[in-house]
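Subject: Structure handover

Hello,

Here is the structure we talked about handing over. My notes on the contents come after it.

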Amino acid sequence: MTETRETLRTNLLNQIDHDNIPAHIGIIMDGNGRWAKSRGKTRIHGHQEGARRVKTVVRFANDLGVRHISLYAFSVENWARPSFEVSALMRLIRAYIVRERNDLHAEGVKFRLVGRIEELAPEIIKQAEISTELMKNNPGLSLNLCINYGGRAEIVDAVKKIINKGFKADQVTEELISGHLYWPELPDVDLMVRTSGEMRTSNFHLWRSAYSELYFTPVLWPDFDDVELLNAILAYQNRERRFGKISEQLGKE
Ligand code: IPE
Ligand code: IPE
Ligand code: MG
């Protein structure tokens with residue numbers, strides 16, 4: 001980190017309200033391909049660099065007291081990419097889970113895979129289960145790695161579970177649906193961040209983002225760091241979350 005980056009980080013840290021840290025941050029980690037292309041490198045190289053950024057961001061978020069970070073690493077739509085890229089991404093994901101396990105555990109974080117997990121390679125499922133089990137009692141942030149995740153798929157899967165359990169139409173409530181999502185204990189997303197300048201959410205956390213604050217940055221994911229995360233959190237802290245009410249009602253109940 002350069003001297004100026006360090007100064008920037010300190011300045012931003014001084015501005016942060018530590019009593020208003022978003023409990024659940026979702027990040028759409030986009031722009032690996034463009035980052036690599038601009039350097040004359042392969043898309044796979046971009047994904048490798050992107051995977052490296054995860055460590056900085058997760059560690060920093062944990063230190064700040066964020067409780068959940070959901071990282072969109074592979075969508076249900078991403079299977080449509082060239083098979084070479086899909087295989088490389090799957091290898092990277094598996095390698096990440098194994099390589100980072102001990103460090104994540106030492107930092108006290110929890111680990112969850114979120115998505116249609118059963119469709120993933122058995123080796124990824126197995127490695128993820130080892131991490132989840134190892135870290136399940138840790139006190140820190142929960143790293144929710146979203147793989148083969150689709151917001152619509154998650155709702156479809158929830159509805160199927162509800163029907164299979166025999167619930168009747170008049171028993172269906174928002175709580176019932178929330179309770180049948182992939183990990184029912186995950187709270188709503190407070191702050192959803194997307195890198196790379198695209199202003200869409202691409203099927204990420206559909207149900208849990210109903211009242212998320214959205215933050216878009218042109219920074220490409222492999223360039224995203226603690227300073228960028230602080231910028232996003234500061235922007236979040238400057239929003240007024242009204243949840244349908246009017247300003248005057250807030251903070252009075
Ligand atoms: C995000 O980077 C990573 C995944 C979707 C797996 P992209 O690969 O989408 O990068 P761009 O959007 O092509 O730059
Ligand atoms: C969203 O990025 C999915 C992930 C970051 C995993 P994409 O690059 O796949 O999204 P679109 O296609 O530009 O909407
Ligand atoms: Mg993209």
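How many Å separate an oxygen atom of ligand 1 from an N or O atom in the side chain of Arg43? The value is 2.8 Å. Please keep in mind throughout that this is a predicted model.

Ligand 1

The side chain of Asp30 also has an N or O atom by this ligand, 2.9 Å from an oxygen atom of ligand 1. Gly31 contributes through its backbone, where an N or O atom lies 3.4 Å from an oxygen atom of ligand 1. On its own, ligand 1 has 380 Å² of accessible area, and the protein covers 86% of it.

The residues surrounding ligand 1 include Met29, Asn32, Gly33, Arg34, His47 and Leu89. Sorted by class, this shell holds three nonpolar, five polar and four charged residues. Helix α2 (32–37) and helix α3 (43–64) each supply at least two residues of the shell, and α2 gives the most, with three residues. Ligand 1 sits in the largest pocket.

Ligand 2

The space taken by ligand 2 is likewise the largest pocket. For Asn78, a polar side-chain atom lies 2.9 Å from an oxygen atom of ligand 2. In the case of Arg194, an N or O atom of the side chain is 3.3 Å from an oxygen atom of the ligand. Ligand 2 taken alone exposes 390 Å², of which the protein buries 76%.

Among the residues around ligand 2 are Ile28, Tyr72, Phe74, Ser75, Arg200 and Ser202. The shell divides into five nonpolar, three polar and four charged residues. Its largest share, four residues, comes from strand β2 (residues 68–75).

Aromatic pairs

Searching the whole structure gives seven aromatic pairs. One of them is formed by Tyr149 and Phe204, with an edge-to-face arrangement: the ring centres are 5.8 Å apart and the planes make an angle of 85°. This pair links distant parts of the chain, 55 residues apart. Tyr149 belongs to strand β4 (residues 142–149), while Phe204 is in the loop between β5 (191–194) and β6 (213–216).

Regards

Definitions and conventions: Residues are numbered from 1 along each chain as its sequence is written. Chains are lettered from A and ligands numbered from 1 in the order in which they are written. This is a predicted model: local features need pLDDT of at least 70, side-chain atom pairs count only at pLDDT 80 or more; totals for chains, interfaces and linings use all residues. Side-chain values use heavy atoms; hydrogens and water are left out. A residue is near a molecule or strand if one of its heavy atoms lies within 4 Å of it. A polar contact is a pair of N or O atoms within 3.5 Å; within protein, one must be able to donate a hydrogen and the other to accept it, and residues adjacent in sequence count only if both atoms are side-chain atoms. Accessible areas come from the Shrake-Rupley method with a 1.4 Å probe; for residues, only the protein chains shown count as cover. On a 1 Å grid over the protein atoms alone, a cavity is a set of points where a 1.4 Å probe fits but cannot get out, and a pocket is an open set with protein on both sides within 12 Å along at least five of seven lines; lining residues have an atom within 4 Å of a point. A molecule sits in a cavity or pocket if more than half of its atoms lie within 2 Å of its grid points. Ala, Val, Leu, Ile, Met, Phe, Trp, Tyr, Cys and Pro count as nonpolar, Asp, Glu, Lys and Arg as charged, and the others, Gly among them, as polar. Rings of Phe, Tyr and Trp (its six-membered ring) pair if their centres lie within 6.5 Å; planes under 30 degrees apart count as stacked, over 60 as edge-to-face and the rest as tilted.
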